[in-house]
Amino acid sequence: MELKIEGLSKHYAHGGVQALNDVTLTIPNGMFGLLGPNGAGKSTLMRTLVTLQEADRGRVELVLDDGEKVDVLRDKERVRELVGYLPQDFGLYPRATAEGLLDHLATLKGIRDRKVRKETVGRLLELTNLSAAAKRPLGGFSGGMRQRFGIAQALLGDPKLVIVDEPTAGLDPEERVRFHNLLTEIGENVVVILSTHIVSDVSDLCGRMAVLHQGRLKMEGTPFEAIAAMKGKVWRTLVDKQQVTQLQETHRVLSSRLLAGRNQVRAWSETPLEGFEPAEPDLEDVYFGVMRGYVGAEASSSGAVASAG
């Protein structure tokens, strides 16, 4: 099973924003990470895939295991049968119980048989570790519980494509780990697209990934391959705060963060840098390298130093 996106573009007349610009991407079965900053076009892409808005041009096809090919942009009713969606922001009726609202949503999803619906609701509450809270009002749920309920509703109808948009933002570390485990379990049998700006979520969960920025696809591949390609090209040093700006002007700085009261600066270079030591690359280095244009499909070959701001 896979999702094929070809030449997808979307322009918003209000504000003149090119949200998607000729995006072409093939997403296989399993967990797929879509990385990018706020405003990169991730949510526009997600909303287009779940039929909540139209694209200006392009083609999207979902190929199922039985060989069926679904035109995502045209066969909207069929797509809605096959897709589960957890948006970044979703509302809940605070007085409704988890069990009651999930039962209602199951009815709207087309599960008419009461016995089947009860079994489905019970299974999803157990899967999301919400069985003990089944009869509690949703208004009293923590952020992590709300997100797990969101996944439960997204899984109604046994979807073949599950899309989650910034699902771990705001979760505490324990809830984040619990949510990661849940997503991993879901991703064993279906296509799961994890749209996020949190690099570690993709590093922890996804076998394949892509980086989207200003509506354009900047890179695609596996986290392992992307990190391996940075081997021997990441360097680090500790400097005082006033030296950071100078390094940003003279080096291809990837990131700067406080460490023991000083600033650890990580920079990209194909050759050793004076005053720096070699550093093991990670996916965050890859992400910043792509965002700043040092690596990836559109990396400059001119050798010019780009700003790290």
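Trainee: By about how many helical turns are Arg-178 and Glu-174 separated in helix 6?

Mentor: In this predicted model, helix 6 covers residues 173-186 and holds both Arg-178 and Glu-174. Because the two are four residues apart in that helix, their separation is about one helical turn.

Trainee: How far apart are the closest N and O atoms of Arg-178 and Glu-174?

Mentor: A salt bridge requires a nitrogen to oxygen distance within 4 Å. Arg-178 and Glu-174 form such a bridge, and their closest N and O atoms are apart by 3.4 Å.

Trainee: Is Glu-174 buried or exposed?

Mentor: The cut-off for exposed is over 50% relative accessible area. Glu-174 has 56%, so Glu-174 is exposed. Salt bridges with shared partners also join Glu-174 into one network with Arg-148, Glu-175 and Arg-178.

Mentor: To restate the class asked for, Glu-174 is exposed.

Trainee: Which residue meets Arg-117 in a salt bridge?

Mentor: The N to O distance is 2.9 Å. The pair links distant parts of the chain, with Arg-117 in helix 4 (residues 114-127) and the partner in helix 3 (residues 98-108), 14 residues apart. The partner is Asp-103.

Trainee: Where does Glu-68, the salt-bridge partner of Arg-78, lie?

Mentor: The side chains of Arg-78 and Glu-68 meet at 2.9 Å, N to O. Arg-78 belongs to helix 2 (residues 76-82), ten residues from Glu-68. Glu-68 lies in the loop between strand 4 (57-63) and strand 5 (69-71).

Note on methods: Residues numbered from 1 in each chain as written. Predicted model: local features only at pLDDT ≥ 70, side-chain atom pairs only at ≥ 80, totals over all residues. Heavy atoms only, no water. Buried < 20%, exposed > 50% of the residue type's maximum accessible area, 1.4 Å probe, protein only.
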